[in-house]
Amino acid sequence: MIFPTPEEYTVLVLSLKVGLLCVVISLPFAVLLGWVLARKNFRGKLILDGLCHLPLVLPPVVVGYLLLLLLGRRGFLGQILSDWFGVQVAFTWRGAVLAAAVVGFPLMLRAVRLAIESVDPRLERAARTLGANPLRAFFSITLRLATPGVLVGSLLTFARSLGEFGATITFVSNIAGETRTLPLAIFTYINQPDGEAAAARLVLLSIILSLGALIASEAIARKMKN
Amino acid sequence: MLTLCVHRQLAEFNLEIDVTCAYPVTAIFGPSGCGKTTLLNLISGLMRPDSGQISIDDTILFHAEKGIDLPPEKRRIGHVFQDDLLFPHLTVRQNLLYGYQFLAPSERKFHPDTIIDLLELNTLLDRNPNLLSGGERQRVALGRAILTSPRLLVMDEPLTALDQELKDRIMPYLRHIRTDLGIPMLYVSHAIGEILQLTGQVIVLNRGQVLAHGDFFSIAHQPKILPLLEAHGFENVLPVEVIASNRVQYNNQTLHIPPCDRAPGTHIFIGIRANDIILCQQRPAGLSIRNALPGRILDIVETHGRRLVYIDVGKRLAAEVTPEAIRELALTIGDPVICLIKTHAIRIGPDVS
C-alpha cells in the first residue's frame with residue numbers, strides 16, 4: 001500500500017501544520033532579532049546572541065521542561081493565557097508548534113542574520129536619501145536582498161520541526177490527533193509489539209520530507225550564490 | 001543657497017564648517033580624509049552634526065538649538081555616492097524610479113523620459129545593474145538622484161572610480177545637469193581638473209577646516225592652498241580665448257586643445273598638470289607636440305619631494321622636472337625655456353566670468 005492510512009494521514013497533516021506554523025511564527029522574530037544582531041551594537045549583545053542560540057545546544061528535553069514550567073497549567077505565562085484568553089498551550093497542538101519553534105529558532109536566526117549581514121548597509125542609506133523611510137528602506141532593500149537567506153532559514157527550521165521530538169513529548173506529551181507528530185508516531189509504533197511495519201512506513205515518509213526540505217534549501221542557497 | 005554652520009567631532013579631528021554657497025555649483029576640494037564625505041553625509045542627513053545648523057534657502061534641514069533634524073528621506077538631497085550604490089535586485093528602470101515613486105505628482109520636477117534621454121539610458125532600462133560598465137552605473141546613479149527632484153545634488157567624487165576616458169565622457173552630462181536642469185550642486189573631488197570643468201567656485205577643505213572659499217583662480221595662489229594643490233598634481237591654469245573648436249589663443253600664441261563645445265570668442269580657463277609639461281631649451285623640430293610656450297625660469301623649488309620649476313609665460317606655470325633633468329640641462333633662474341604641452345594634456349575649464 002502506497003497510500004497512507006487515515007491514521008498516517010492525520011500524523012502527516014499535523015506534522016506539516018506544526019512545521020508551517022512554526023516557521024510562520026518564528027519568522028518575524030528571526031527577522032527582527034537577525035537585524036538587531038547584524039546591524040546594532042549594544043551592551044549585552046553577546047548575551048542576547050547566546051540566549052538565542054541556547055536551544056541549539058540545550059537538550060530538547062530541557063527546553064520542553066522549561067516550556068512546561070513557564071506555560072504549563074500552573075506556569076506563570078500559562079496561567080495568564082488560560083485565565084485571560086482561555087488559551088491552552090501545554091498538551092495541545094499549539095504547544096507542539098511552540099516547542100518546534102523554540103528549538104528551530106536558532107537555525108532560522110542564524111540564516112537570517114548572515115543574510116542581512118551580507119547586504120551592504122550603504123544601500124539602505126542610499127534608499128533613505130532617495131526618500132524611503134527606515135521601514136520602507138529595510139523591507140524594499142535589505143530584506144529583499146536577504147530573502148534567499150531567509151528562505152533557507154525557513155526551510156531548515158521547517159525540516160528541524162519535522163524531527164522535533166524531545167521538547168515536544170516533554171511539553172505537550174504524545175496525544176494522538178493532537179500532538180502526535182511524525183517522530184512521536186514512529187516512537188509509538190516502535191513501542192508496540194507489531195508496530196514495526198507501520199513505523200518503517202513513517203520512517204520512509206520522514207526521510208522523504210526531510211530530504212526534500214534540505215534539497216530545496218540547498219538549491220536556494222546555490223541560486224543565491226549565482 | 002546652502003547655509004552650513006556645523007561642528008562634528010571625528011576620530012582624528014574636528015569638522016568645523018561655516019560657509020554659505022550662493023552659486024549654483026560649488027566644489028569642495030581637499031585631500032583624502034579631509035572630511036569631505038562626512039560633510040556631505042551631514043548635509044543629506046546620514047550623519048548628525050554635534051551642533052550647528054544646515055539650511056537650503058528657507059528650509060531648515062538641521063538646527064541643533066531648535067531641535068530640528070529632518071531625516072534623510074525628508075531632506076530632498078540627491079546624494080550621488082562614490083560607489084554608485086545601485087540596488088542590485090532592481091533593473092535600471094526600477095533603480096531610476098525608486099525615489100521618484102515616493103514623490104507626490106506635484107513635487108515631480110522632471111519627467112523620467114527627459115532624464116533618461118539626457119543621460120542616454122534608453123538602451124539600458126531593462127538591464128540588471130551588475131551587467132553595466134562603471135560609467136553606465138554612475139549615469140544611472142545620477143539619474144536616480146535627479147529624479148527625486150532634489151533641492152540640492154551632492155556628489156561625492158562620482159568620477160573617482162572611473163578611468164580618464166570615462167570621466168571625460170561623463171563630464172558633459174554633468175555640465176548638462178548644471179546648465180539645463182538648474183539643480184544646485186555641491187561637487188566633491190580631489191581632482192582640480194575635474195572641478196574646473198564644472199565650476200570655478202571652490203571650498204578648500206583640509207582636516208575638517210575651510211582653508212579658503214571663493215573663486216579658484218583668486219585663491220589658488222594663496223600660500224596655504226598651493227601646497228595642497230601641488231600635492232595633488234598642480235593644475236596650471238591659464239585664461240585663454242577660444243578661436244576654434246580645438247584651438248585657443250594665449251598671449252598671441254595658438255594652443256591646440258582637445259575638442260570643446262565653447263563658442264569662438266568665449267574666454268575660458270584651461271588647466272595643465274605640472275607633470276604634463278616638458279621643458280626644453282630650444283624649439284625642437286620633428287616632434288608631434290603642437291604646443292610650445294616660450295618663457296623664463298622664475299624659480300626652482302622642492303615641495304613634497306618633487307621638483308617644480310616655475311616659468312613666466314605671461315602667467316606663472318609650474319612644471320615638474322626630475323632633479324637629474326635640472327642638472328643635465330643646467331636649469332637656472334632667469335634662463336629662457338620652451339614649455340611643451342601635449343594637446344590632450346590640456347583640460348578645459350570654466351568660462352572666465
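This is a predicted model: local features need pLDDT of at least 70, side-chain atom pairs count only at pLDDT 80 or more; totals for chains, interfaces and linings use all residues.

Residues are numbered from 1 along each chain as its sequence is written, chains are lettered from A in the order in which they are written, and side-chain values use heavy atoms, without hydrogens and water.

**The contact between the chains**

- Chain B brings 22 residues to the contact and chain A brings 19 residues, contact meaning heavy atoms within 4.5 Å.
- About 1800 Å² is buried between chain B and chain A, 65% of it from carbon and sulfur atoms; buried area is the accessible area (1.4 Å probe) that two parts lose on being put together, summed over both.
- Of the area that chain B buries against chain A, 33% is supplied by Glu73(B), His89(B) and Tyr98(B), more than by any other three residues.
- Two salt bridges are counted between chain B and chain A, a salt bridge being a side-chain nitrogen of Lys or Arg within 4 Å of a carboxyl oxygen of Asp or Glu.
- Arg122(A) and Asp83(B) meet through their side chains in a salt bridge, at 2.9 Å from N to O.

**The nonpolar cores**

- The largest nonpolar core has 52 residues, and Ile146(B), Leu153(B), Leu174(B) and Ile177(B) have the most contacts inside it; such a core is a set of buried Ala, Val, Leu, Ile, Met, Phe, Trp, Tyr and Cys residues joined through side-chain atoms within 4.5 Å.
- Another core, of 35 residues, lies apart from the largest one and includes Cys52(A), Met108(A), Val119(A) and Leu46(B).
- Beyond its neighbours within four places in sequence, Ile146(B) touches residues including Phe110(B), Leu153(B) and Leu181(B).

**Tyr189(A)**

- Tyr189(A) counts as buried because its relative accessibility is 12%, buried meaning under 20% relative accessible area (1.4 Å probe, protein chains only).
- The C-alpha atoms of Tyr189(A) and Ala199(A) are separated by 5.4 Å, with the two residues 10 residues apart along the chain.

Notes
Buried means under 20% relative accessible area, exposed over 50%, partly exposed in between (1.4 Å probe, protein chains only).
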